[in-house]
Amino acid sequence: MWEKYLKDDKVWASFGCHPHNAKDYNDDIEKSLYAALEHSKVRALGEIGLDYSNRNNCLKEVQFKVFRRQLKIALSKELPVIIHCRDAHEDGMKIIKEILPKNYTIHLHCFTDVWEWALKWLNEFPNLYIGITNVVTSHQQSQFMKLQRIFH
C-alpha cells in the first residue's frame, strides 16, 4: 500500500510501530517492518517510543518491550530514530541510553512539553533534534487573549 507513495521524487519514508499500537506488535509485524526498511527511500525508523497519556491504553511493559526491539533494529540498520515520547521522558531517555550510543541521530517528534525537558533531552543526546508544532504556542496565545479582553 505505501510503496505507491514512494514513487514520487519528493517523498521519503520512515516506518515503525507507534506506542499506541505496541500491543499489536509481533514477529510478523517485525518481519514486515524489516522488509519496509529495506526500501531505498527509507531515511529513519519511527515514530516509535512511549506514550503514557490517557489516549493510549497499551501497558507500559508492552511499550517498553516494543520500543527496545525497534531501537535495536534501528541500531542494526544504522537508521536515525523518530521518537514519540508523551508524558514518559524519564523512561524514554533511560531506554534510549540502554541501547543507542550517546551521539546517535534522534528526532524527538512533536515535542509539547516544557523547556526544561527540552534542555534535558538536548543535553543528554548531542545529535537530537526537536520537532515542535503550533501546540507550543497555545499557552502564549491564551495569555494574549486574556490581555486582549482586559484592555478592550
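Me: A helix is a DSSP run of H or I that holds at least four residues. In which helix is His 89 placed?

Reply: The model is a predicted one. His 89 is placed in helix α3, which spans residues 89-99.

Me: Why does His 89 count as buried?

Reply: The cut-off for a buried residue is under 20% relative accessible area. His 89 has a relative accessibility of 5%, and therefore it counts as buried.

Me: What makes the approach of the His 89 side chain to the side chain of Asp 113 a polar contact?

Reply: A polar contact requires a pair of N or O atoms within 3.5 Å, one able to donate a hydrogen and the other to accept it. The side chains of His 89 and Asp 113 make such a contact at 2.9 Å. A polar contact of 2.9 Å also joins the side chains of His 89 and Trp 121.

Me: Which residues does His 89 touch, leaving aside those up to four places away in sequence?

Reply: Contact means heavy atoms within 4.5 Å. On that criterion His 89 touches Phe 111, Asp 113, Trp 117 and Trp 121.

Me: How do you know that the buried residues of α1 line one face of the helix?

Reply: In α1 (residues 27-37), the buried residues are Glu 30, Leu 33, Ala 36 and Leu 37. Viewed down the axis of α1, these buried residues fall within an arc of 120°, so they line one face. In general, an α-helix has 3.6 residues a turn, so residues three or four places apart point the same way. On the other side of α1, Asp 27, Asp 28, Lys 31 and Ala 35 are exposed.

Me: What covers the buried residues of α1?

Reply: The cover includes the strands β1 (13-15) and β2 (42-51), together with helix α2 (60-77).

Me: What makes β2 a mostly covered strand?

Reply: Of the 10 residues of β2, 8 are buried.

Me: How do you know that β2 pairs with β1, and in what sense does β2 run relative to β3?

Reply: Pairing requires at least two bridges between the strands. β1 and β2 share 3 bridges in the parallel sense, and Phe 15 stands opposite Leu 45 in β2. Between β2 and β3 (residues 81-86) there are 6 bridges, and these strands run parallel.

Me: Which helix does the chain pass through from β2 to β3, and what is the handedness of the crossover?

Reply: The chain crosses from β2 through α2 to β3, and this β-α-β crossover is right-handed.

Note on methods:
Residues numbered from 1 in each chain as written. Predicted model: local features only at pLDDT ≥ 70, side-chain atom pairs only at ≥ 80, totals over all residues. Heavy atoms only, no water. Helix = DSSP H or I, 4+ residues; strand = E, 2+ residues; numbered from the N terminus. Buried < 20%, exposed > 50% of the residue type's maximum accessible area, 1.4 Å probe, protein only. Arc of directions from axis to C-beta. Right-handed = clockwise from strand over helix to strand, strands pointing away.
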